[in-house]
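Q: I've got a model open here and would like to talk through how its pieces pack. Could we start with the strands and then move on to the helices?

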Amino acid sequence: MSIQQFFAILWARRAYIFVTLAGSLIGASLVAFLLPPRYEATSRVMLNFIKPDPVTGEVISSSFARTYTQTQSELIRDYRVAGQVVDRLGMAGDPVLQAQFSSLPPEQQTDFRRWLADSIIARTRADLVMGTNILEISYRSTNAEIARIVADALRDAYVDISRATRREEALRNANWFDRQATEIRAKLTEAEEAKAAFEKAHDIVLQEDNSDIDSVRLAALAASSAPVMPALPAAVPVASGSASQLAQIDAAIAQSAERLGPSHPQMQALREQRRIIAASAAREMAAANSASAAALQAAGTGALTISREVAAQRSKVIAQRDKLGALRKLKDEVDLRRAQLAKINERIGALRQESEADQTGLTVLGNAVAPASPFFPNRPLILIGAAVLGVAIGGLTGLLLELLGRRVRSVGDVVNGFDVPLLAVMERPEDRRPHGVLAQVQALFWPRHA
């Protein structure tokens, strides 16, 4: 089928197109002008999930951001939020709504508050603005002011529910950690008592660095038993007084011997003085030798005593090795319980702070504005759509009728429908083609002959 044949069929069946077009326009006009208008008001909230939480410091990762935003959208359309809107606006006391609920069939009358909340949920929409973290809360109503009021009420209820949910969850977790802390505190007391009883029973005290007193004493004795050379006094101290005087007298005797004889009284006096001083120096030497011997004997006795004490202490430590191992296990249990209790107490403090915080992770972006024009019905769009639909239905109807009853409407139908040569075309005077623009259009869409 050529384009000329197609338009020829449409022209022949134009009555159907006009009828369907008129019917579509009439129906669309009834819808557009008789249905009550619906208004949509929008309130915005910014989700602060990009920056860290001011209380917990947590940040939502990008992989969970979509899930988080979808969860918030569903939370706005939850019964808990819608029910709070019903209570805030006092919708349960509206006699008009009560009459509408009473007119429902008995099988549909469940709970009045639930019915009101469901009606709000059905007209509520929450979507994230593309490319941002701003959540739009929209509500639709036949009254523009009601749409604005309910949109703001939904936003406020959503913020309050988010805050209450966060506080309740933090308080619930804090109470759970309190119970865990009580159990760990009891286990810590039991472990400390077991450690103290073990130390008392075996006379062992374990310090904070896991070292016991006996091991510390053994280390001290081992360090003191290291060989040290004793400082011994010299046989004849060089700096002593007798040695100096003896050297001076010897020098004086040598000088006097050059000019005095051996029997000279001065020489005899010097020799006597030297004898006395030599005797004193000998006594000092003997005393020094005696002191050195005593020191050597005392050093040997002390080293032997320390060695005996080290050996005895080592034996004691070796004998208590198994007991020390058991005591260290008890102390490790005490340290573990203390660390667990400290972490739990820290977590409880953070949760208590979160349960009292006023942070919601939401920022309210102004109030909703009553829409000036309804979003439905969009009369121009409805009329245009109805016109297109009417033409399409009329054209399809004409084509279907043409297929059910084929007729020869142009030269093309003869040429394409019959395998015979076309010799001539006869036309009536009234079928002569007009002149001008109309002739050109007719020749293009429904020609009578080739």
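Q: Which residue stands opposite Thr363 in S4?
A: This is a predicted model, and in it Met46 stands opposite Thr363 in S4. Strand S1, residues 39-47, pairs with S4 in the antiparallel sense, over three bridges.

Q: And what order do the strands take in the open sheet?
A: The order is S2-S3-S1-S4, four strands in an open sheet with antiparallel pairing. Strand S2 (124-128) and strand S4 (362-364) stand at the edges with a single partner strand each, so one side of each has no neighbour in the sheet. On average, neighbouring strands of this sheet are turned by 30° against each other, direction ignored.

Q: Switching to helices, at what angle do H2 and H12 pack?
A: Helix H2 (residues 14-34) and helix H12 (residues 379-404) pack at about 155°, with their axes 7 Å apart. An angle over 145° counts as roughly antiparallel, which is why H2 is described that way relative to H12. H2 passes H12 in a right-handed crossing, and the residues of their contact divide into 15 nonpolar, seven polar and one charged.

Q: What about H4 and H7, how are they set against each other?
A: Helix H4 (residues 79-89) and helix H7 (residues 144-202) pack at an angle of about 120°, their axes being 9 Å apart, and they are therefore oblique to each other. Their crossing is right-handed.

Q: Which residues make that contact?
A: Among them are Arg80, Val81 and Arg88 of H4, and Ile149, Asp156 and Glu168 of H7. The residues of this contact divide into eleven nonpolar, two polar and five charged.

How values were computed: Residues numbered from 1 in each chain as written. Predicted model: local features only at pLDDT ≥ 70, side-chain atom pairs only at ≥ 80, totals over all residues. Heavy atoms only, no water. Axes fitted to C-alpha atoms, helices over the stretch in contact; angles between N-to-C directions. Helix = DSSP H or I, 4+ residues; strand = E, 2+ residues; numbered from the N terminus. Parallel < 35°, antiparallel > 145°, perpendicular 65-115°, else oblique. Left-handed = near helix turned anticlockwise from the far one by under 90°. Nonpolar A, V, L, I, M, F, W, Y, C, P; charged D, E, K, R; others polar. Pairing = 2+ DSSP bridges. Contact = heavy atoms within 4.5 Å.
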